[in-house]
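Colleague: Please guide me through the reading of this model, one feature at a time.

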There are 2 protein chains.
Amino acid sequence: MIEDPIEAVYRVRSTPADVGARAEALLLEQTVELPRTALKSAFVRDRLVGTVLAIDEVGPGDFRVRLAQPAVAAASDPAQLLNILFGNCSLQPDVELEDLRLPGPLVAALGGPRHGIAGLRRLAGVTGRALTASVIKPIGLTVPEMAALCANLALGGLDLIKDDHGLADHAFCPFTERVRACLGAVGDAAQSTGRQTLYVPNLVGTPATVARQAREARELGVRAVMVSPMLLGLPFLNELVRDLGMPVLAHPAFGGALRIGPAPLLGKLFPLYGADAVIFPNAGGRFSFSAETCSAIAAALRNPAAAIAPAMPVPAGGIQVGSLPSVLERYGADAILLVGGSLLDAPDAPTLLSRTRAFVATVKAHFKP
Amino acid sequence: MIEDPIEAVYRVRSTPADVGARAEALLLEQTVELPRTALKSAFVRDRLVGTVLAIDEVGPGDFRVRLAQPAVAAASDPAQLLNILFGNCSLQPDVELEDLRLPGPLVAALGGPRHGIAGLRRLAGVTGRALTASVIKPIGLTVPEMAALCANLALGGLDLIKDDHGLADHAFCPFTERVRACLGAVGDAAQSTGRQTLYVPNLVGTPATVARQAREARELGVRAVMVSPMLLGLPFLNELVRDLGMPVLAHPAFGGALRIGPAPLLGKLFPLYGADAVIFPNAGGRFSFSAETCSAIAAALRNPAAAIAPAMPVPAGGIQVGSLPSVLERYGADAILLVGGSLLDAPDAPTLLSRTRAFVATVKAHFKP
């Protein structure tokens with residue numbers, strides 16, 4: 001029995017006959033990622049394996065599965081927590097994360113909103129009513145055009161004016177100049193309206209870029225900022241707010257990244273962003289990728305359409321030593337074959353060693369001239 | 001005509017009668033995010049609006065839409081590029097990003113794999129055959145247990161042994177000790193096998209944590225690392241590889257974040273990670289969220305199940321000034337009402353100003369005692 005667990009609720013498409021096994025598989029996938037038979041450590045079995053709390057049929061073939069996962073697995077780390085909640089199972093299309101509940105210490109480690117409703121109200125000077133807000137856009141306006149638009153909106157008496165989330169540090173509208181001009185615009189408007197509109201610039205880029213933008217914004221007098229957490233990475237959001245000292249508006253852009261097809265995401269974007277090797281679920285394993293998808297990912301990595309170095313495909317997940325010949329045929333020489341469970345499932349160390357040697361030997365033999 | 005554009009290919013569910021308008025809407029959504037009638041700047045119309053290159057029917061109700069988007073919109077920024085490709089439309093369930101092609105300068109800015117196949121082969125000392133790899137897991141093993149497993153796998157003659165992506169800096173198996181012990185294990189194994197297995201530790205955490213882990217790993221003698229880019233944020237991957245000096249394996253964990261329901265993602269995770277206000281598409285606008293979903297998000301933000309400060313709901317997208325009464329009824333006082341297009345669509349500045357004032361006045365009047 002795990003005390004004070006992470007509770008994760010999933011919707012799972014299954015059948016009444018299969019859903020029990022599916023829930024058990026989901027439970028293990030998100031922490032130990034091995035079948036129970038492969039768990040040789042008592043500490044692992046007792047402290048790292050969670051519990052299926054409930055399975056409820058919501059409709060035909062549609063189940064709600066409630067899991068309790070050990071908080072210790074999350075290591076009080078914002079990125080690792082996402083792993084526990086939806087790391088691997090995000091790639092299994094029969095599963096959707098529906099809800100979550102975190103234990104107190106983990107919540108405290110994340111910290112939540114540093115300002116929240118109260119801080120935003122204080123900043124805007126508004127109580128007892130909804131706040132009014134608008135946005136300056138489109139991308140492509142010059143700094144004077146942005147400022148004019150901002151001034152006009154501020155004169156309208158809005159509480160808040162934010163950048164469009166697509167406003168980056170563009171050459172035709174640089175971040176620093178835009179922020180300075182828009183702050184000036186809301187300041188001037190305040191002279192005539194008697195009330196200060198909050199201008200909220202958009203921060204976007206890599207962590208170093210966003211940190212620099214946050215610093216500049218603060219120095220210029222900005223009192224709240226916007227970011228797109230799914231674009232920047234949720235863990236970075238959590239790091240950013242630790243020292244930011246002002247409210248953060250979160251934009252949902254890229255919140256639907258799942259629907260990027262696996263070939264463009266893993267085969268193109270990952271290497272474009274710098275990955276030298278990309279792990280992906282091999283066809284026939286416990287994920288849903290077809291043989292065609294796997295071949296497409298491998299081909300995209302090896303023969304990049306863009307002018308970048310080829311990257312190494314790393315098929316993984318459910319590769320059995322016995323199925324190696326077909327895997328070797330599929331991927332050829334430019335691949336890292338990642339075999340996990342079917343080695344680690346060995347009952348003892350000598351068996352593991354011999355299986356591993358067999359794996360290695362099979363691969364070497366396949367490529368012998 | 002835009003030269004050297006970003007090409008983005010989407011699969012779109014539509015009807016033959018509607019798909020032309022749908023493609024046009026998608027084109028505008030990803031850059032200017034306004035209807036053409038709202039584009040008053042010639043520079044915006046000429047340089048920031050892309051082109052629908054082709055629409056092909058793939059099957060009944062299933063279309064392939066090929067767009068050319070202006071590279072200048074991406075500002076040579078890794079995060080902003082994701083915005084252009086799949087920022088807003090990731091939230092529209094009738095759209096999937098199917099493929100992409102970037103112009104040369106943008107590819108060069110990203111840089112791609114710094115080591116790739118050639119570097120990994122050099123590092124592993126393997127030519128002409130596939131590389132062999134396995135993984136140390138499960139989470140919960142102690143450092144000596146990890147090292148013993150690693151030694152055993154290395155003795156098997158693998159080319160590469162990687163951490164499970166769920167191995168973080170756990171108290172029961174700290175990062176530094178694990179890496180040191182596993183490096184020792186593969187080193188010892190090399191004494192007896194005569195060949196050096198590559199040990200690849202997993203880096204996970206916020207950017208600062210991952211940067212520290214990368215530094216420690218390098219000092220300990222690690223020659224390749226693994227990260228989960230969707231967990232850490234793709235832009236951070238791109239920043240990390242600039243100075244890393246060794247190959248990066250990318251793990252697909254969290255690559256399916258889209259299938260997190262909107263209420264848990266936007267209503268729970270975003271504020272848990274520190275967002276003080278969360279923008280989400282209001283029901284009835286151009287996104288798919290139902291009124292129930294919107295109410296659930298707002299309720300979750302305001303009355304967090306976890307012990308964190310309440311955060312401000314920011315309904316946005318398609319709110320018309322004329323529809324304000326129903327929006328005000330739905331969200332009540334604790335909300336930031338974000339109105340964009342229906343203000344910005346105004347033909348001139350005075351109209352914009354008067355519309356804005358009407359918006360502000362309507363909201364104020366609604367909350368008058």
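Modeller: Let us begin with a single side chain. B:F172 counts as buried, at 16% relative accessibility. Buried means under 20% relative accessible area, exposed over 50%, and partly exposed in between (1.4 Å probe, protein chains only). The model is predicted: local features need pLDDT of at least 70, side-chain atom pairs count only at pLDDT 80 or more, and totals for chains, interfaces and linings use all residues. Residues are numbered from 1 along each chain as its sequence is written, chains are lettered from A and ligands numbered from 1 in the order in which they are written, and side-chain values use heavy atoms, with hydrogens and water left out.

Colleague: How many aromatic pairs does a search of the whole structure find over all chains?

Modeller: Rings of Phe, Tyr and Trp (its six-membered ring) pair if their centres lie within 6.5 Å; planes under 30 degrees apart count as stacked, over 60 as edge-to-face and the rest as tilted. Here the search finds 2 such pairs. A:F43 and B:F172 have ring centres 5.4 Å apart and planes at 65°, so this pair is edge-to-face. Because A:F43 belongs to helix α2 (residues 42-48) of chain A and B:F172 to the loop between β6 (160-163) and α7 (175-193) of chain B, the pair joins two chains. Helices (H or I, at least four residues) and strands (E, at least two) are DSSP runs, numbered from the N terminus. A:F43 is partly exposed, with a relative accessible area of 29%. For A:F172 and B:F43, the ring centres are 5.4 Å apart and the planes are at 65°, so this pair is edge-to-face. The pair crosses from A:F172, in the loop between β6 (160-163) and α7 (175-193) of chain A, to B:F43 in helix α2 (residues 42-48) of chain B. A:F172 is buried at 15% relative accessible area, and B:F43 is partly exposed at 29%.

Colleague: With which strands does β1(B) pair in the antiparallel sense?

Modeller: Two strands pair if DSSP finds at least two bridges between them. Strand β1 (residues 6-13) of chain B has an antiparallel pairing with strand β3 (residues 62-69) of chain B over 8 bridges. With strand β4 (residues 95-101) of chain B, β1(B) forms an antiparallel pairing over 6 bridges. B:E7 stands opposite B:A68 in β3(B), and B:A8 has B:L100 in β4(B) as its bridge partner. β1(B) is mostly covered, with 6 of its 8 residues buried.

Colleague: Against which strands do the buried residues of α1(B) pack?

Modeller: They pack against β1, β2 (51-59), β3 and β4 of chain B. The buried residues of helix α1 (residues 19-29) of chain B include B:V19, B:A23, B:L26 and B:L27.

Colleague: Which residues have the most contacts inside the largest nonpolar core?

Modeller: A nonpolar core is a set of buried Ala, Val, Leu, Ile, Met, Phe, Trp, Tyr and Cys residues joined through side-chain atoms within 4.5 Å. The largest one has 192 residues, and A:Y10, A:I136, B:Y10 and B:I136 have the most contacts inside it. Contact means heavy atoms within 4.5 Å. Apart from neighbours within four places in sequence, A:I136 is in contact with residues including A:M146, A:L149, A:L153 and A:Y199. A:L183, in helix α7 of chain A, is buried at 18% relative accessible area. Not counting residues up to four places away in sequence, A:L183 touches A:Y199, A:L220, A:G221 and A:V222.

Colleague: Which side chain of opposite charge is nearest to A:E239?

Modeller: Lys and Arg count as positive and Asp and Glu as negative; His and the chain ends are not counted. A salt bridge is a side-chain nitrogen of Lys or Arg within 4 Å of a carboxyl oxygen of Asp or Glu. A:E239 is buried yet has no salt bridge, and its nearest side chain of opposite charge, A:R242, is 5.0 Å away. A:E239 is placed in helix α10 (residues 234-244) of chain A. Leaving aside neighbours within four places in sequence, A:E239 is in contact with B:T206, B:P207, B:A208 and B:T209.

Colleague: Is the peptide bond from A:K137 to A:P138 cis or trans?

Modeller: That bond is cis, with omega near 10°. A:P138 is in the loop between β5 (131-136) and α6 (143-155) of chain A. In chain B, a cis peptide bond joins B:K137 and B:P138, with omega about 5°.

Colleague: Is phi of A:S76 positive or negative?

Modeller: A:S76 is not a glycine, yet has a positive phi of about 50°. A:S76 is in the loop between β3 (62-69) and α3 (78-86) of chain A, and is exposed at 51% relative accessible area. B:A75, also a residue other than glycine, has a positive phi near 55°. B:A75 is partly exposed at 23% relative accessible area.
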